[in-house]
Structures are given as C-alpha cells and as structure tokens.
Amino acid sequence: MAGKPGTNPTTYSPSMATGKTRPRIFKDHDVDWVRPDGRGFHQCRPAFFRTGAVNSASGSAYAEFGNTKVIVSVFGPRESKKAMMYSDIGRLNCNVSYTTFATPVRGQGSDYKEFSSMLHKALEGAIILETFPKTTVDVFALVLESGGSDLHVVISCASLALADAGILMYDLVASVSLSCLGKNLVIDPVLEEESYQDGSLTITCMPSRYEVTQLSITGEWSTPKINEGMQLCLDACSKLAMIMRSCLKEATSTSQE
Amino acid sequence: MGLPDASGDLSSEVEVDAFRRLFPLRFYERHLSESIRPDGRPLGRARDTTIALGAVASADGSALAKIGSTTMLAAIKMEVMTPSMESPDEGCLAIDFHMPPICSPIVRPGRPAEAAPVVSKQLSDTISSSGMVDLKELSLVSGKAAWMAYLDIYCLDADGALFDAALLSAVSALSHLQFPVVSLNEDGRVVVVSEEDGGKPEKEPVNREKRKLTLKSIPFSLTCILHKNYILADPTAEEESIMETLVTVVLDSSSQLISLYKPGGPVLANTSVIQVSFSPLKHTL
C-alpha cells in the first residue's frame, strides 16, 4: 500500500500551480490595504502558551500564534555526549525541525540547521550555564504548523519550556519580528506577508533587564525606520513576556491546588 | 526497628520512590499481586482516550489522539500522481510514522528511534490488510491522475502503547480527510479550484461529489503486557520498559481479527492468554 521501495511515483501538489500565478496582494504604492487576517499593522496575533505539553520531558511548552503552532521540549541537564570535551560550564544543544505537513506544500520534515543555530544563539545569553557544569541541556522544537514568524515563536516558546524545566535564567526571552512592506512596517507577519516582504527585523530580548540577546535585520532599511521598528518590537516583546509570565504563574498556581 | 533482613522488609525501610527506582520489577509485582497498578488502574483498564479532529489547518485531514499522556498527531496531505500501468484506476496511500526528538528522552536528533520504523510498517500493514481504504476511491482520471495521500503520524509524547495511539490517530485523520476540489488545466495537470475565482472555473471540476473516503471497516487495537500470569492492558512507557512481553491485537468494528502481533519476549503466549487479551478490547468497542 505504501508503495514498494523504488516504485514510488513522483507526485506534485495541486495547489502549487495556482500559488505562482496569484497576483501580489500588496501594491507597491501606498494604497490602503488590509492584512490577510484583518489585523492592524502594529497589532500582533493573539498568543497562546501552555506549559507541560510533553510529560516525558523535563520541561515543555506549546505555543500558538494564529496558525503557527510549535512544541518545545527540554531535556536535562543530562550527561553530555561522550565525544564532548570537558567543560566547566553547561552546554546548550538546540534542534528545530518541521513536520512534513507544516508547510503549505509537503516538505521533507528535515532539520532546520539555520534555525537551530539561531535558537541556540538567542537563548545562550539568557541561561545561567554555570549552574549545570559538565552537563548538557537539550532544547528540541517541532513546528507542527507553519503560519509565519516561526522562529520567533520557537524562541519565545523555548524560553518558557526552559523555565518549566527549572533551568536558571536571567530572564524570560521574548522574540518578535517585523516585516517591511513598501513604506509600511507590519509586526508579527504571517506566511503570506513574509513571502512579499522587502526586509525583516527580528529582536530577541530579555524585557525585565532591557537587554537584547539577538537582533537580525535583512533587506534595505533606513536609520529612522530601524529605530521605529526596534521600538515597536521592544514594546511587543515586553507585552509578550507579560503573557508568558502569567502563563507560568497560572501553571504553578494550578499545580499547588 | 531492627536490621532489615535480606530482602523482604527492605521496602518498608526505603522510601517508595527510591524502591521504585532500585527494584522496579519487585515494585510492580507487589502492586500486581494486589490487582492494582501504580497509577491506580485495575490491570485490565486502558487509560482515558481523547480525539480531536482537524488539529492542523494546513493539511487536508488531521487528528490528534491521546491515550493517557501518549499523544499522536496525524495529518494527511493530498498530492497528485500518475497511476501505475498495473492499476490505472487506483490511488496510493503512503503512511509514515515519526518520532521527533521532542517526544522522549531516548530520541536524539540525527539518531532516529528504533521503534519508529517498526510502528510505521505495522501501521501500513494493518491499514492495508483491514481493507479500510478502497484505493479506487483515490482515482481522479483513470490512467491519467490519481491521489497520493501522504499520511504522516508524529508522536508528540511517548508514554507507552505507541501503536494503539498511532493507529487511532491515523484512522481518525482518514475519517476527517476531505479532498480538495480539483480540475484539469490545459497542460493536463490537476489544479485546485479555488473558491475565490468567483465560482466559474474554466474547466469543470473532476471530483465535485467525491469529497470523502468511505471507510469500510475501522480497525482498533489494544496492546497488553504479559508478565507471569498477569495481563496488563494499555501499558505506560515505564511498564513497557520493565516487563518486556507485549501482545498487540487489532480488531475491526465487527470484531473480526485483523492482526495479532507478538514480538518475542520471555513470556510465551498460549491460546487462553490471547483470548483474554481480546476481551478488554471487545469491551472498549
């Protein structure tokens, strides 16, 4: 039924052909347009977080921003791989993968090396690695459904999972991205907006300490625009961190009852 | 309190948690002799089960199934293929089972779990031999185009009875599956008819009526642990790691046996044991 090995015919997705010919939804000139999901330009998607999604992990969290759904599990601190050199401080190991059905066209569900290293860099500065010498903390993320801004949802969700696992951190890490479309800045872009963007800006920060752990800017930006974008992102990050914190408080208050 | 003598009284001296870790088998046998399991279930009781349909919006059919804390997410993506010469009016169903590193501490990235390909094969064997899906229903244009249904099952949380949960989610996703409406374009390729076109596509859709699969018989499965003369239904991961003999029985909705799977183990199953492992399953049907 699953096809004998080697005889699997080549297949194609029927929706691919229409996707290419679809006209641009955003015009180059500055006319009034609405975002695909009807949000304001500076309005994030509603965020939902839940800790303790995976029982067999030390800590875990599930996050849902519109159609973007991710699960992050944290394992450890546990023994480092045999081949690893001795280390005074703990190690952080990150991995991000996608399900085959996450993207509109079926993917291979392979590892996203680039996202894994971005996640590692975003979290590294926030974790107090000195508290678990010689051992490794594994942060594994699975994107169940990709709806845009996947990496920043993964980063925020991962910091919540780390908190759930009881790994010491300086602060929760919140991440927000922003797309530049023509003259407009749209925060928390969906997949469709990301594919048409002229530039993007992502900030990962620890809002209580007002410190940035990661900042990435792609595309063409003018200085005033960068300033405006960064301010928007930082505001959104501190609001996001409040939602994350209330989720953690909720989880502990229900477990105490 | 005197010195704990050799083995018997050791348990009262050591804290329960430590005893559970140090002597897992003895810990379980104590419970079993009282006909109860450490999680409070009687031996023959399965864990609570929930199913949610349509969990993934980017798929054509999807379901999330939970048995206890074992969680499975199944989703189907439909693609188009040219059917083979031998069966020009049949489509294809490809089933794959994944255990991503998030599901269990024993799975690490780059090193796939041993259990995954086993469950994957078991699933496709069971679904094909149950005759649940008629591949002819996946045909679009005889000899030209047919559906290729990619059914991918992801284990999100592994806590025993993986096959049972995977089969449940796979069957639920198949029941939720809805084909997209498609038509043939000028190049002979199949394209989705989008509803935004104003309702007048250039070509008539090829599958206006056939939007759902008719599932003939629906397979259900139950995994049991055999240990000495005890039979434990629906084991957790901890139970599976301690007591190794497993028996999986698959029945369909009319109580017909579809498959019986016993992958070795130190306990030999005889007819009576197998019959007993049927009864809790019949009960759940």
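Me: Which residues of α2(A) meet which residues of α3(A)?
Reply: On the α2(A) side they are Phe115(A), Met118(A), Leu119(A), Ala122(A) and Leu123(A), and on the α3(A) side their partners are Leu151(A), Val154(A), Ile155(A), Ala158(A), Ser159(A) and Leu162(A). Please keep in mind that this is a predicted model.

Me: How does that contact of α2(A) with α3(A) divide by class?
Reply: Ten of its residues are nonpolar and one is polar, while no charged residues take part.

Me: And at what angle do the axes of α2(A) and α3(A) cross?
Reply: Helix α2 of chain A covers residues 113–124 and helix α3 of chain A covers residues 150–164, and their axes come within 10 Å and cross at roughly 50°.

Me: OK, next pair. How do the axes of α3(A) and α5(A) run?
Reply: Helix α5 of chain A spans residues 223–256, and its axis and that of α3(A) come within 11 Å, crossing at roughly 30°. Because angles under 35 degrees count as roughly parallel, α3(A) and α5(A) are described as roughly parallel to each other, and their crossing is right-handed.

Me: Which residues make that contact?
Reply: From α3(A) there are Ser156(A), Ser159(A), Leu160(A) and Ala163(A), and from α5(A) there are Leu240(A), Met244(A), Cys247(A) and Leu248(A). By class, the contact of α3(A) with α5(A) has six nonpolar and two polar residues, with no charged ones. Ser159(A) is listed here, and Ser159(A) is also among the α3(A) residues that meet α2(A).

Me: Switching topic, what does chain A come to as a whole?
Reply: Its secondary structure comes to five helices and ten strands, and of its 257 residues 49% count as buried. Chain A exposes about 12,400 Å², with carbon and sulfur atoms supplying 54% of that area.

Me: And chain B, what are the figures there?
Reply: Chain B has seven helices and twelve strands, and 48% of its 285 residues count as buried. It exposes about 13,800 Å², of which carbon and sulfur atoms supply 52%.

Me: What share of contacts joins residues at least 24 apart in chain A?
Reply: Among contacts in chain A between residues at least 6 apart in sequence, 68% join residues at least 24 apart, and for chain B the corresponding figure is 65%.

Notes:
Residues numbered from 1 in each chain as written. Chains lettered and ligands numbered in written order. Predicted model: local features only at pLDDT ≥ 70, side-chain atom pairs only at ≥ 80, totals over all residues. Heavy atoms only, no water. Axes fitted to C-alpha atoms, helices over the stretch in contact; angles between N-to-C directions. Helix = DSSP H or I, 4+ residues; strand = E, 2+ residues; numbered from the N terminus. Contact = heavy atoms within 4.5 Å. Nonpolar A, V, L, I, M, F, W, Y, C, P; charged D, E, K, R; others polar. Buried < 20%, exposed > 50% of the residue type's maximum accessible area, 1.4 Å probe, protein only. Areas by Shrake-Rupley, 256 points an atom, 1.4 Å probe, with all protein chains shown as cover. Parallel < 35°, antiparallel > 145°, perpendicular 65-115°, else oblique. Left-handed = near helix turned anticlockwise from the far one by under 90°.
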